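This report goes through one protein chain in plain terms. Please look at the structure first, then read on.

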Amino acid sequence: MDTRGDIFVQNIPILKPNVVVIGNSGVGKTTLIRTLFADKDFQTEVTKELRLYDGPALGFRLIDTVGFEYGYMNQVKAINAIKKWSKEAIKRDDQSRQINMIWYCIDGTSKRFAKRNVDMFLKSTSFWQSVPIIVVITKSYSQVERQENVNMVQEAFAKNSKASLNLKAIIPVVASTYKIDQNINVIPYGLDELLMATDFYMPEGFIAARQDIGRYKLVNKRMMAHTLVGASTLAAATIGLSPIPFSDGALLTPLEVAEIKSLAKIFDMQFDEKSGLFQSMIEAGAAGVIGKTALGVLNGIPGINLAAEALNAIVAGTIVAALGEGCVYVFEQIYTGAKSANDVEWVKKSLESETVKKLMTRLQPIIYEIQSKAPGSKLSAKDIVSIILKNFK
């Protein structure tokens, strides 16, 4: 049985959590890490920007990062290295690369630490917003300065509410023996406290990392979904600008079905046009309650001075945008587990109340804005769609 690296139980590996170690160059990150692996029995995984330490001495792995250098480009390099590692964890669906805790190392002899340091730190770890943070004050040689540094860090973090929520401990340490004078040495200090705090605050079962990964995936799905809705809205507006009569909205049905089908795929759902869920979405479109509402609102708007084709394009685009955004909301609720795909009545209610309400309040401002942009002249489908999407956003 290989005793290095991950822990094994009956030859089944139990993944160790990862602690990423962040700080300026020269702060002593590498010295701290190598001291904790004092028996020298450890492995390293090296990339261009990161070095991962693992071994039987600790119940977790340590990731040594590029130091935060002075200068914008150097800071960007360090930040991007951590983001790249994080995105690789998602791409590979690799739990062994998830970040479960952050050690933020600062130099105890510098006596400089401000809100901007916290802001830079947050940029580098923006992906992992739920994991606990321990600030490690390295080179804490003086007992008096230890408490001063703790106070300094507390004040800086207190000015940034996001960071202070996850800050669990501030621990001064001396990683290795430091000679002050010929007969005066400062021996290692605070390492046991650091290890105990890490063990105590380490989330069980990779919970925090999974929360952050779930949020990251959801944000990406939202971005893809809104992009798709935009493309579908453009296609609808293009149809509306054509000389073909747009009275019952039947021309939009195939486009709406394609929009719903593509959105379902983004949110990992199997599209079945005959199911109650998707049937209710299709029925709510241009030929249903959303389309009828749009035409009703249009008839009640006074002072319209637009060509018939432009109005067709506005109504067609607005209907498809409203349906798309309504479906995004429904799919997101199902994807996150907040609602069930079998709750067809809730889907109908959402599309027929929230989506219709949004349509009723936004169609008139859209028409007036387009009318003010080009009174009496023609607009392209792209121009119309940009105004529609801006109002729906």
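## The model and its numbering

This is a predicted model, in which local features need pLDDT of at least 70 and side-chain atom pairs count only at pLDDT 80 or more, while totals for chains, interfaces and linings use all residues. Residues are numbered from 1 along each chain as its sequence is written, and side-chain values use heavy atoms, with hydrogens and water left out.

## The chain as a whole

The secondary structure comes to 13 helices and 11 strands. Helices (H or I, at least four residues) and strands (E, at least two) are DSSP runs, numbered from the N terminus. Of the 393 residues in the chain, 48% count as buried. Buried means under 20% relative accessible area, exposed means over 50%, and partly exposed lies in between (1.4 Å probe, protein chains only).

The chain exposes about 19800 Å², and carbon and sulfur atoms supply 53% of this area. Such areas come from the Shrake-Rupley method with a 1.4 Å probe; for residues, only the protein chains shown count as cover. Among contacts (heavy atoms within 4.5 Å) between residues at least 6 apart in sequence, 73% join residues at least 24 apart.

## Strands β5 and β6

Strand β6 covers residues 61–64, and it pairs with β5 in the antiparallel sense over 3 bridges. Two strands pair if DSSP finds at least two bridges between them. Arg51 stands opposite Asp64 in β6.

## Aromatic rings

The structure holds 8 aromatic pairs. Rings of Phe, Tyr and Trp (its six-membered ring) pair if their centres lie within 6.5 Å; planes under 30 degrees apart count as stacked, over 60 as edge-to-face and the rest as tilted. The rings of Phe37 and Tyr53 are stacked, because their centres are 6.3 Å apart and their planes are at 25°. This pair links distant parts of the chain: Phe37 is in the loop between α1 (29–36) and β4 (43–46), and Tyr53, 16 residues away, is in strand β5 (residues 51–54). Phe37 has 0% relative accessibility and so counts as buried; Tyr53, at 1%, also counts as buried.

The rings of Phe200 and Tyr201 have centres 4.9 Å apart and planes at 90°, so this pair is edge-to-face. Phe200 counts as exposed at 64% relative accessibility, and Tyr201 counts as partly exposed at 30%. Elsewhere, Phe267, Phe271, Phe278, Phe331 and Tyr335 form one aromatic cluster. The charged end of Arg146 sits over the ring of Tyr189, 3.6 Å from the ring centre. A charge sits over a ring if NZ of Lys or CZ of Arg is within 6 Å of the ring centre and within 35 degrees of the ring normal.

## Ile137 in strand β8

Ile137 lies in strand β8 (residues 133–138) and counts as buried at 0% relative accessibility. Leaving aside neighbours within four places in sequence, the residues in contact with Ile137 include Ile106, Asn149, Val153 and Ile170. Ile137 and Val153 are 16 residues apart in sequence and 9.1 Å apart in space, C-alpha to C-alpha.

## Helix α8

The buried residues of α8 include Leu255, Val257, Ile260 and Leu263. Just after α8, Asp268 takes a positive phi of about 60°.
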